[in-house]
Amino acid sequence: MSHPEDLKSLKPSLYEARKGVYPKAVDGTFRRLKWAIMAITLTIYYVTPWLRWDRGPYAPDQAVLVDLAHRRFYMFSIEIWPHEFYYVAGLLIMAGIGLFLVTSTVGRAWCGYACPQTVWTDLFLHVERFIDGDRNAQIRLKKAPMGATKLSKRTAKYAIWLAIAMATGGAWIFYFADAPTLLRDLFTGDAPYVAYATIGVLTATTFIFGGFMREQVCIYMCPWPRIQTALMDEKSLTVTYKDWRGEPRTHGIKKAQAEIADFDKVGDCIDCEQCVSVCPTGIDIREGPQIGCITCALCIDACDKVMTQIGRPRGLIDYVTEESADLEKAGKPPKPVIRTLLRPRTIAYFMLWGSIGLAMLFVLGQRTRIDISAQQDRNPLFVRLSDGHIRNAYTVKVRNMENRPREVEIGLEGLPDAIMWTAESTRDTGSRTVTVATPADAVAKTRIFVAAPAAGEPRKDIVFTVRGLDAKGGEDKTQVFFDREAAQ
Amino acid sequence: MSDNKRIDEPTGTETVGHEWDGIEELDTPLPRWWLWTFYITIVWALIYTILFPAWPLVERATAGVLGWSSHGELNKELAAADAKLLPIREAIGRTPVENIPNDPELLRAAVAGGQSTFKVYCVQCHGSGAAGGKGYPNLNDDDWLWGGDINAIHYTIEHGIRNPDHDETRLSMMPAFGRDGILTPAQISNVVSYVQLLSGEGKASNATARGAQIYAENCVSCHGAEGKGDRVQGAPDLTDAIWLYGGDRDTLVATVTNSRQGVMPRWGNRLDPATVKMLATYVHSLGGGEATVVAAAEPVPAAGGAENVAP
């Protein structure tokens, strides 16, 4: 950010070109943490579709599979049907509250460590350093005229980026189909068009967002920084430059002695700009909290290293809450971090988050894998048979959500003098129950006829029940109407 | 208000010059890529309007150089759907109609195809639920004039009923007993009393006794001694609970007096054989279809009805 005075003479432009950011390599606690999180998240992303999970002969053996074609979602031992999508809604609510929890305690930790934009940009930055060298070499190369070296380096860098981008887009589609089959089909050209299109789109977005847009995505495109800013309070940890300790900043002791009369008041900051040069979003943390700061804490690592070198205590830039900052400013000891982590707000978030999770687990454990629904024929509502009885017809659907074929028994409750039969059998074999074979993990649709004497209420409630006939059992029921002509 | 523009000290950015209760807005410059994205969308829009129908003219919009149209897309999809259905249509065409219910895949396809054909050609008389109406049989029930096994239904659909120009059509001619002076109104009244008794309504009386005599002389040849009808002649069963034109006294008197000569078109000359088979399969599947009678077995028993409901 330029000084305001410099800008007064200039006519401000409506549009601003991106300023190049060339983050310097750094090592330290938080950099290592970022390495670890990057390794874990990328491993999860690339490896998950290849994990196998035996579900028997009637279901796919992919551990995590979003089977859009068959409307099934598999996650290890859990299988979700479309009508159970509320589990996914529950997971999304948990993700939302989880982000509230994380943001209210450790600020924009999601942005700094786990966001895909951050992780992939970080990966692309490492590739850039590997090819072009560190910050200064990158700036030199940028200024250098196009020549053989620059061209070859650019080509190499873009090629590796593109390879990563394609692998990223490629890995995504494996979540939606059997991974080994799809991989083979991709190379033989037999994969569906949408697979290639998805890879194409995701390759393009990864390449552009990770290679070129980078912090522009965070600052201009992503709504999350704005939302998070509203979620944080004075007890949320955030990367803070302790200006009360660092200012007035100086360039070296001798210069400081010459410039500042009261030498005791010289701040710890030596204006080495290490915090600026390592920043992946190109900001100066010493200007205070700002939208561009993703709290990746690399400036903490950089500053700690310098502080150690010049023999000052570490933590000139550190994770500090606003509350502790005020206390430190006033010369009091800061509150212990555990006190800021455990406070009513975070505990409430955690309880809410945990109880939704527990409730979902409970419901998941309780759910039966059999389900019946029935729809009465409306046209005609009832049919008069030649012996004067009245027949109603129903389309009965039995969901067998077990991964094996089952026999189930459909029963009838209410209307004691009624009998029922299926479209495959005949009225003279009609009884109070019918047995239906349901295929594995499928809905069995059965047309059921119910006949009863014409005398009786015009509309009566009846109940279809279903009962699994194997050891696993399970039952369900559904209520429908039986209609007949109103008495004349 | 824009005179109040100033440079904001902490950010170094110019303000837009508006001020509301001390709140000002920074005129932060947009990133340049945003502008380029905007230009790209304009270029995209121009290319799109050249390739696809876009600019409205007096009669119609410009066609676009790709020649795309929603009608064209529809026709393509319809052609693709027809091509997809062709194998199963051919299979249905090859299979004798009585064998279709034995093949689950053919059955499903035939019922679905029959249902959609029914909605086009049959609903005008039989209703969208095939429940019929006065003079138009309910196809859901278990009472059939001409037989309820799939071959009989197929024959009826293929050849129609009372098509004067067609030799194989279903044909039966109940005399107009009153209009043609065969029976007097009093005799008709008596025979109606007897027919009502046959179907379980009313009590035996002198009138029914006289009616029985008239019935034996005039009606037995078609409707049978017990009134169970005869499917070979399309004579309805008078003992069941189902009446095509109504079972009340006035309607029965009108029926005996004037006779009823309902007509159904024959579809064998309008629809292709596979479609007729699909229609027959669909009608047979509605709940009243009867088991196919094997040719070697006894002739169709006069008693239709409840015991014969079969897939």
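In chain A, 4 strands make up an open sheet in the order β12-β10-β14-β15, with antiparallel pairing. Strands are DSSP runs of E with at least two residues, helices are runs of H or I with at least four residues, and both are numbered from the N terminus; two strands pair if DSSP finds at least two bridges between them. The edges of this sheet are β12 (433-438) and β15 (475-483) of chain A, each of which pairs on one side only. Neighbouring strands are turned against each other by 25 degrees on average, direction ignored. The axes used for such angles are lines fitted to C-alpha atoms, for helices over the stretch in contact, and angles run from 0 to 180 degrees between N-to-C directions.

This is a predicted model, in which local features need pLDDT of at least 70 and side-chain atom pairs count only at pLDDT 80 or more, while totals for chains, interfaces and linings use all residues. Residues are numbered from 1 along each chain as its sequence is written, and chains are lettered from A and ligands numbered from 1 in the order in which they are written.

A further open sheet of chain A has 3 strands in the order β2-β3-β4, again with antiparallel pairing. Its edge strands are β2 (64-67) and β4 (78-80) of chain A, each pairing on one side only.

| Strand pair | Bridges | Facing residues |
|---|---|---|
| β14(A) (459-468) and β15(A) | 9 bridges | A:Thr465 and A:Lys477 |
| β2(A) and β3(A) (72-75) | 4 bridges | A:Val66 and A:Phe73 |
| β5(A) (237-241) and β6(A) | 5 bridges | A:Leu237 and A:Thr321 |

Strand β6 (residues 317-321) of chain A is largely enclosed by the rest of the structure, because 5 of its 5 residues are buried. A residue is buried if 20 or more other C-beta atoms lie within 10 Å of its own, exposed if 12 or fewer, and partly exposed in between, with C-beta atoms placed from the backbone. A:Ile317, A:Tyr319 and A:Thr321 point one way from β6(A), and A:Asp318 and A:Val320 point the other way. In a regular strand the side chains alternate between the two faces of the sheet.

A:Ile310 lies in the loop between α15 (298-309) and β6 of chain A. This residue, A:Ile310, counts as exposed because it has 11 C-beta neighbours inside 10 Å. Its C-alpha atom is separated by 86 Å from that of A:Leu412, 102 residues away along the chain.

Chain A is divided into domain 1 (14-230), domain 2 (237-323) and domain 3 (370-483), with bounds from an automatic or database domain assignment. The C-alpha centres of domain 2 and domain 3 of chain A are 76 Å apart.

Chain B comprises domain 1 (81-168 + 264-308) and domain 2 (185-258), whose C-alpha centres lie 29 Å apart. Between them, 14 residues of domain 1 are in contact with 13 residues of domain 2 of chain B; contact requires C-beta atoms, placed from the backbone, within 7 Å.

In chain B, helix α2 (residues 70-94) packs against helix α10 (residues 273-284) at an angle of about 80 degrees, with the axes 8 Å apart. The angle makes α2(B) roughly perpendicular to α10(B), a class that spans 65 to 115 degrees, whereas angles under 35 count as roughly parallel, over 145 as roughly antiparallel and the rest as oblique. B:Arg89, B:Ile92 and B:Gly93 of α2(B) meet B:Pro273, B:Ala274, B:Lys277 and B:Met278 of α10(B).

How values were computed. Two residues are in contact if their C-beta atoms, placed from the backbone, lie within 7 Å.
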